[in-house]
Amino acid sequence: MDAVIALDPRKIIVNSKSKNKKDVIKELTHLFFKQGDVSNEDDFLSDVYEREKEGPTGIGDLVAIPHGKGKSVVKPSVALATLSNEIPWESLDDAGARIVVLFAVTNDSEGSREHLKLLSEFAKKLGNDNVLEKLTKANTVSEIISAFK
């Protein structure tokens with residue numbers, strides 16, 4: 001599965017007005033819940049915050065890739081938000097975030113394998129300056145999806 005296939009238009013937020021990490025993670029988690037990817041929003045949020053304690057999920061260039069793994073995840077999934085404004089986020093380059101890709105990972109080994117494949121695919125795409133520029137300028141869901149093509 002590649003990054004484009006993994007992106008579901010129902011799990012993309014363009015120009016989110018979220019002012020902080022907590023808000024955007026909650027916003028994306030709600031999309032997972034609405035699509036049946038997580039069974040309990042609060043449990044999933046707890047899983048994401050547990051992972052956040054382990055180290056920065058900001059990978060640089062205003063991109064963050066948080067994830068939650070736990071029993072509340074019904075199926076592996078990806079949600080993405082572009083933000084109207086940079087928000088504070090612990091990152092490898094000490095910059096904040098304007099693009100947030102949230103992963104929901106199941107507890108089983110198949111879910112972990114799928115997560116690693118997707119993470120690698122997204123990291124490759126998000127390491128491309130051209131893709132990043134398109135994402136930050138995107139004003140529609142279709143522009144976000146086409147940025148990954």
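Let's start with a network: salt bridges link Asp8, Arg10, Lys11, Asp37 and Lys75. A salt bridge here is a side-chain nitrogen of Lys or Arg within 4 Å of a carboxyl oxygen of Asp or Glu. By that rule, the count comes to 8 salt bridges.

A word on the source. This is a predicted model, where local features need pLDDT of at least 70, side-chain atom pairs count only at pLDDT 80 or more, and totals for chains, interfaces and linings use all residues. Residues are numbered from 1 along each chain as its sequence is written, and side-chain values use heavy atoms, with hydrogens and water left out.

Asp8 and Arg10 meet through their side chains, 2.6 Å from N to O. Which of them is buried, and which exposed? Buried means under 20% relative accessible area, exposed over 50%, and partly exposed in between, with a 1.4 Å probe and protein chains only. Asp8 has 15%, so Asp8 is buried. Arg10 has 52% relative accessibility, so Arg10 counts as exposed.

Next, Lys11 and Asp37. Their closest N and O atoms are 2.6 Å apart in a salt bridge. Lys11 sits in the loop between helix H1 (3–6) and E1, and Asp37 in the loop between helix H2 (21–34) and helix H3 (41–53), so the pair ties together parts 26 residues apart in sequence. Helices (H or I, at least four residues) and strands (E, at least two) are DSSP runs, numbered from the N terminus. Lys11 and Asp37 are both buried.

Another salt bridge joins the side chains of Lys21 and Glu90, at 2.3 Å from N to O. Lys21 is in helix H2 and Glu90 in the loop between E5 and E6, so this pair ties together parts 69 residues apart in sequence. Lys21 counts as buried because its relative accessibility is 16%. Glu90, at 46%, counts as partly exposed.

Now the strands. How many residues of E5 are buried? In E5 (residues 77–87), 8 of the 11 are buried, so to speak of this strand is to speak of a mostly covered one. Two strands pair if DSSP finds at least two bridges between them. Strand E1 (residues 12–16) runs parallel to E5, joined by 3 bridges. There, Ile13 stands opposite Ala81. Strand E6 (residues 97–105) runs antiparallel to E5, with 7 bridges. Thr82 has Ile99 in E6 as its bridge partner.

Last stop: Asp94. This residue lies in the loop between E5 and E6. Asp94 counts as exposed because its relative accessibility is 73%.
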